[in-house]
Amino acid sequence: MTRATYLRMLAAMIVLTVVISVVMLQFDWNGTAGSTEADEIDTLTDVMIVVSSFVYSIVLVMLGYSIWRFRAKPGDESDGDAVHGNTRLEIAWTLIPTVIVLVAAAYSWVILDRIEAREPDRLNVNVTAQQFAWQFEYPEQGVTSTELHVPVDRQTEFSMQAIDVIHSFWVPEWRVKKDLVPGQTTHVTATPNLEGSFALVCTELCGIGHSTMRAPVVVESQEDFDAWVADQEKDEGSEAGGGAVEDPAEEADAGEALFAEQGCSGCHTLSAAGSTADIGPALDEVLPGQSPADIETSIIDPDSELSEGFGQGIMPDNFGDSLDEEQLQSLVDYLVASTEGQGAK
Amino acid sequence: MRQPGQPRAFLGALIGGAFGFGLVVALRAISGLEIFQTEQTGYPHLIVPAISAPFGYLIGLGCFDFWFRWAAGAPTVPDDHSQHGAKSWRDYFKFNTDHKVIGIQYIVTSFIFFFIGGAIAMVMRAELAQPGTQVVDPGVFNGLFSTHAALMIFVFVIPIFAGIANYVLPLMIGAPDMAFPRLNGLSFWLLPIAGVLFLASFFVPGGAFDAGWTGYAPLSTGAPLGQSFFNLGVQFAGASSVATALNFLVTIITMRAPGMNFWRMPLLVWANLSTSLLVVAATPFIAGVQFMVLFDRALDTNFFQFQAGGDVVSYQHIFWFYSHPAVYIMMLPGFGIISEVISTHSRKPIFGYRLMALALLGIVVLSYTVWAHHMFVSGMFSWLRVPMMITTLLIAVPTGIKIFSWLGTLFGSVLHLYSTAMLFSLGFIVTFVMGGISGVMLGLVPFDIHVSDTYFIVAHIHFVLFGGSVFTIFAGIYHWFPKITGRMYDERLGRVHFWLTTVGMLGSFIPMHWIGMQGMPRRVADYSAQFGDWNLFISLFAFMLGAAQLVFLYNMVVSWRFGPRAPANPWRAKTIEWQVSSPPPVFNFPEIPRVVGGPYEFGVPGARHAIMPGEEAEVREPVPATVAGGSRT
């Protein structure tokens with residue numbers, strides 16, 4: 001093996017590194033970036049792509065060269081060079097990778113601190129997840145919604161709770177993710193810097209409806225956000241205005257809101273609510289002909305009587321705890337009202 | 001019926017099951033409870049028989065006959081070899097104490113579960129080929145990916161390595177058998193029980209366990225009955241691997257042939273020593289945590305019941321304290337196989353042998369310190385992330401040492417590319433390094449936050465477990481096929497298998513990185529339409545990957561039956577297992593060989609690894625300098 005051979009191999013490694021890196025860096029690997037955190041993480045991704053290209057080039061060149069150069073002719077029964085090792089080389093390939101990974105770790109640590117730094121003027125949003133729905137409460141604004149609205153260019157801190165199993169909060173464009181763990185409150189921050197509509201995706205397996213557990217996310221200007229908050233306040237004001245709900249129309253409104261908030265629409269088809277999911281029985285088909293008491297039982301003890309084709313344990317069985325008497329009543333009334341008159345199956 | 005064997009085993013299972021069932025009914029009757037509890041997760045009248053029937057089966061099969069006789073003071077013959085060796089295929093269905101029979105039992109059983117798990121993967125890819133639900137509904141889908149992973153991990157990858165080592169390792173170290181042959185037999189028979197329990201969950205009320213192979217609480221504590229079958233299956237698989245690991249440890253430490261000091265052990269032996277150290281210390285954690293889930297489910301304990309003060313995140317800590325080392329349990333034996341194959345088929349000593357062995361031990365130590373990198377977004381104590389990131393990245397160093405040493409071995413070699421085992425070893429380097437690189441990226445907390453629980457993870461795990469472990473398994477099976485069966489396999493079909501597998505594997509798993517980074521979560525039956533094209537692409541390559549395995553199956557079955565007779569040492573290897581006939585005699589060696597040098601002394605004039613019984617003792621001992629790694633040339 002001459003010095004020229006080693007130099008040629010080194011040149012090949014560098015050329016391959018450059019080629020792979022340049023090609024790989026043409027792509028937006030992580031997709032649209034929609035937050036300041038995303039920019040940091042995307043830079044880290046690009047740096048690692050270059051480092052990885054170098055490592056992979058070393059391996060490919062060494063392997064490719066050996067296959068090309070040392071491939072045995074048929075019938076060749078000779079042995080290779082009786083080389084047992086090379087201490088200096090072995091020390092090098094222990095120490096150099098150590099340094100590389102430690103530098104990568106230090107750099108990641110810096111980025112981690114930066115993306116998790118808390119801003120003093122941040123917006124607070126409380127997130128509650130349950131099978132298979134999201135709910136967002138704005139404590140400072142006093143509104144609650146099933147859509148996540150946040151102002152652009154301002155940090156938002158999400159304080160999150162799950163009421164049944166573990167869920168996970170992820171907006172791919174923001175790059176941030178955090179599990180919601182029953183029994184504790186977890187926090188995550190994001191600073192969206194791109195206006196538009198996105199999707200919040202549950203990324204922790206949470207049961208049969210896991211793949212449908214999403215919520216709309218709207219990033220908008222501060223003015224639009226304020227307008228949206230005012231809109232929400234108006235709606236809630238009319239609902240909560242007179243204390244106990246008396247008016248049947250308002251009660252139905254409350255029921256309709258609960259149907260969305262509690263995640264019913266994530267699994268059940270109900271034409272009145274415009275939902276089309278098929279994880280649970282279609283309510284348009286199974287509810288007509290049932291008494292309000294039956295419907296109530298089906299909500300709080302879903303496994304007591306199962307519709308054909310649906311097994312036990314599919315529907316969460318904690319609605320008896322999470323809904324109070326009045327809410328349950330509005331929900332049942334809403335379901336009765338919206339399926340009345342439809343043909344029994 | 002009184003003879004140990006399958007008929008008595010099934011009778012035993014029946015009696016065991018009836019006993020368990022009767023026990024539950026009797027206890028409930030005495031306590032004044034409703035005889036048949038039908039709450040969602042309870043079902044004691046099914047869970048207790050699911051524990052007692054397997055024990056009845058094992059007793060019926062004869063796994064405990066010797067020990068029972070001994071405990072009862074009945075006459076036993078310590079040298080009774082009546083349960084040793086196999087004369088016909090029927091003997092493979094019996095309790096056996098011969099490590100070679102047990103090795104074959106392990107390998108064949110594991111491959112059966114591999115093909116079942118693979119078929120499940122095909123159904124999943126059919127469902128995922130298009131957005132929306134077409135083939136199976138989301139509930140069934142959750143059961144499919146959970147059983148796919150459980151089968152592949154617990155009853156394929158982990159035990160097949162135990163099977164290969166069971167066959168090869170005692171021969172390699174010049175031992176007549178494993179240290180505890182009866183325990184070895186019992187270890188094997190625990191394995192099919194685990195697999196059958198996993199699969200049986202498809203047929204119980206509520207369907208197969210569907211909380212993923214990770215079975216995170218509280219999803220698992222509240223899941224239907226199938227989850228209990230997972231909890232129990234893991235106990236049997238875990239007990240099997242702990243017993244085997246103990247057996248390997250004692251065998252390796254005490255039964256090496258004279259002259260085989262630690263620095264003369266083949267790297268496969270080093271690899272299984274390291275793996276066994278991981279198994280004995282880590283596996284009890286998963287056994288414990290699955291019992292905790294089972295107790296939460298069946299006995300109303302509150303380990304993970306957050307409403308009663310249980311701590312949900314602690315499940316993940318205990319689970320990953322096993323399951324991260326488990327990643328190395330599934331990789332280190334493969335590293336050993338690759339070392340054997342590459343050295344033999346490149347006709348060169350392993351480059352830096354001692355550092356290779358030390359790197360294995362380095363991985364063992366480090367792998368206990370990285371578990372929380374699976375939990376960067378789990379809501380655990382957030383300070384823990386940075387030290388876990390550093391250890392996670394550091395574990396890449398000993399792994400890198402192994403890669404570089406293999407490349408160093410290939411450099412200046414006489415590289416025999418005709419052999420399928422060698423093709424899979426070189427393919428392994430290409431695919432495993434890619435999995436290693438994505439692993440380093442996942443170790444970086446900020447990047448992990450983004451891609452955690454997405455298809456990037458699916459891509460990574462398949463690059464390390466398929467491109468890593470499964471490639472090494474194929475390399476090992478092809479390499480030792482002549483030794484085990486006494487027949488040669490068809491290299492042409494082997495090459496077809498290799499290329500179809502490699503192309504199918506790359507086509508299936510490379511795009512998964514991208515769709516994960518772009519926003520597709522894992523473990524979903526349905527996904528956003530933007531990922532439709534890539535998923536169709538992945539499914540087509542996955543079907544090709546699946547079909548490729550049928551070529552392997554055909555090659556193995558036909559070659560085993562009709563292949564040309566294999567010589568003792570078709571690859572001209574130096575290690576001891578190749579110095580005996582193919583297949584080896586029942587007791588391996590008429591007389592224990594004597595080890596006089598390192599295992600890979602290719603190209604060293606006059607050097608030998610071992611002097612076999614009956615050989616002339618004329619061979620001079622090689623000078624120590626050529627044995628050790630690190631010597632300058």
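Reply: Happy to! Let's begin with a term: a salt bridge is a side-chain nitrogen of Lys or Arg within 4 Å of a carboxyl oxygen of Asp or Glu. Keep in mind that this is a predicted model.

Me: Why is the pair B:Arg347 and A:Asp79 called a salt bridge?

Reply: The N to O distance between the side chains of B:Arg347 and A:Asp79 is 3.1 Å. The cut-off is 4 Å and the partners must be Lys or Arg with Asp or Glu, so this pair qualifies. Between chain B and chain A the count is 2 salt bridges, and over all chains the structure holds 11.

Me: What makes A:Asp42 and A:Arg175 a salt bridge?

Reply: Their closest N and O atoms are 2.9 Å apart.

Me: How do you know that chain B and chain A are in contact, and how many residues take part?

Reply: Contact means heavy atoms within 4.5 Å, and 96 residues from chain B and 87 residues from chain A take part in it. Together the chains bury about 7,800 Å², 67% of it on carbon and sulfur atoms. There are also 20 residue pairs in polar contact between them, counting pairs with both residues at pLDDT 80 or more. By class, the side of chain B that touches chain A has 57 nonpolar, 28 polar and 11 charged residues.

Me: What makes E4 and E7 of chain A edge strands?

Reply: They belong to an open sheet of 5 strands in the order E4-E10-E9-E6-E7, with mixed pairing. Strand E4 (148-151) and strand E7 (177-180) each have a single partner strand, so one side of each is left without a neighbour in the sheet. Neighbouring strands in this sheet are turned by 25 degrees against each other on average, direction ignored.

Me: How do you know that E6 and E9 of chain A pair?

Reply: Pairing takes at least two bridges, and 2 bridges join E6 to E9, so they count as paired. These two strands run antiparallel, and A:Phe169 stands opposite A:Cys202 in E9.

Me: And what makes E1 and E2 of chain A a pair?

Reply: Here 5 bridges join the strands, which meets the requirement of at least two, so E1 and E2 pair. They run antiparallel, with A:Asn126 opposite A:Glu137 in E2.

Conventions:
Residues numbered from 1 in each chain as written. Chains lettered and ligands numbered in written order. Predicted model: local features only at pLDDT ≥ 70, side-chain atom pairs only at ≥ 80, totals over all residues. Heavy atoms only, no water. Helix = DSSP H or I, 4+ residues; strand = E, 2+ residues; numbered from the N terminus. Axes fitted to C-alpha atoms, helices over the stretch in contact; angles between N-to-C directions. Buried area = accessible area lost by both parts, 1.4 Å probe. Polar contact = N/O pair within 3.5 Å; in protein donor to acceptor, adjacent residues only side chain to side chain. Nonpolar A, V, L, I, M, F, W, Y, C, P; charged D, E, K, R; others polar.
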